[in-house]
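Dear colleague,

I am handing over a structure for you to look at, with the sequence alongside. Please open both before reading the notes that follow.

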Amino acid sequence: MSSLLRLLFISIITTITIHFKIVDSQPSIPPPSDGGVGQFVPSEFWCVAKNNADDAVLQSAMDWACGQGGADCRPIQSGGPCFEPNSLQVHASFAFNDYFLKNGPSSQSCDFGGAAALTSLNPSSGSCVLPSSN
């Protein structure tokens, strides 16, 4: 009986150790402000403008990101590789993502007054490539 208990104990410890190694190896970011605790965290993500965000809020947030926020918005200027399509949604997404990457990728650096969200879907299009967090 003693060897059976010892074998059971070793099996339990091994299972716990393997579980913690798997959990420790998973990529992590702070949970989003909407309480997404426990949701799958992708290994690559981008910060993009929300589809339902008000245009005035998007414009104001993009202006801040490109100005005081320090995002490099030259690619979304006329003639830049990310100017087309010329839409507020696309331009704001570029600015938000650049700020997000420069300020330590986290849900806190991808909020912009609730106008932005993290996505695991690559928003790049044509000659406009948005780098990911990874």
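**How two helices meet**

Helices H2 and H3 are oblique to each other. The model is a predicted one, and in it the axes of helix H2 (residues 55-66) and helix H3 (residues 88-102) come within 9 Å and cross at roughly 40°. That angle counts as oblique because angles under 35 degrees are taken as roughly parallel, while those from 65 to 115 are taken as roughly perpendicular. On the H2 side the contact is made by Asp55, Leu58, Gln59, Ala61, Met62, Trp64, Ala65 and Cys66, and on the H3 side by Leu88, Gln89, His91, Ala92, Ala95, Phe96 and Tyr99. Sorted by class, the contact of H2 with H3 has eleven nonpolar residues, together with three polar ones and one charged one.

**The wider picture**

Of the 134 residues in the protein, 31% are buried. If you consider the contacts in the protein with a separation of 6 or more, 71% of them are between residues 24 or more positions apart.

**Salt bridges**

Side chains of opposite charge can pair when their charged atoms come close. In this model the count comes to two salt bridges, and I will take them in turn.

Arginine 74 counts as exposed, since its relative accessibility is 63%, whereas aspartate 72, at 23% relative accessibility, counts as partly exposed.

In the other, lysine 102 forms a salt bridge with aspartate 98, and their closest N and O atoms are 3.0 Å apart. Lysine 102 and aspartate 98 are four residues apart in helix H3, so they are separated by about one helical turn.

As you go through the model, you could begin with the crossing of H2 and H3 and then turn to the pair formed by lysine 102 and aspartate 98.

Key: Residues are numbered from 1 along each chain as its sequence is written. This is a predicted model: local features need pLDDT of at least 70, side-chain atom pairs count only at pLDDT 80 or more; totals for chains, interfaces and linings use all residues. Side-chain values use heavy atoms; hydrogens and water are left out. Axes are lines fitted to C-alpha atoms, for helices over the stretch in contact, and angles run from 0 to 180 degrees between N-to-C directions. Angles under 35 degrees count as roughly parallel, over 145 as roughly antiparallel, 65 to 115 as roughly perpendicular and the rest as oblique. Contact means heavy atoms within 4.5 Å. Ala, Val, Leu, Ile, Met, Phe, Trp, Tyr, Cys and Pro count as nonpolar, Asp, Glu, Lys and Arg as charged, and the others, Gly among them, as polar. A salt bridge is a side-chain nitrogen of Lys or Arg within 4 Å of a carboxyl oxygen of Asp or Glu. Buried means under 20% relative accessible area, exposed over 50%, partly exposed in between (1.4 Å probe, protein chains only).
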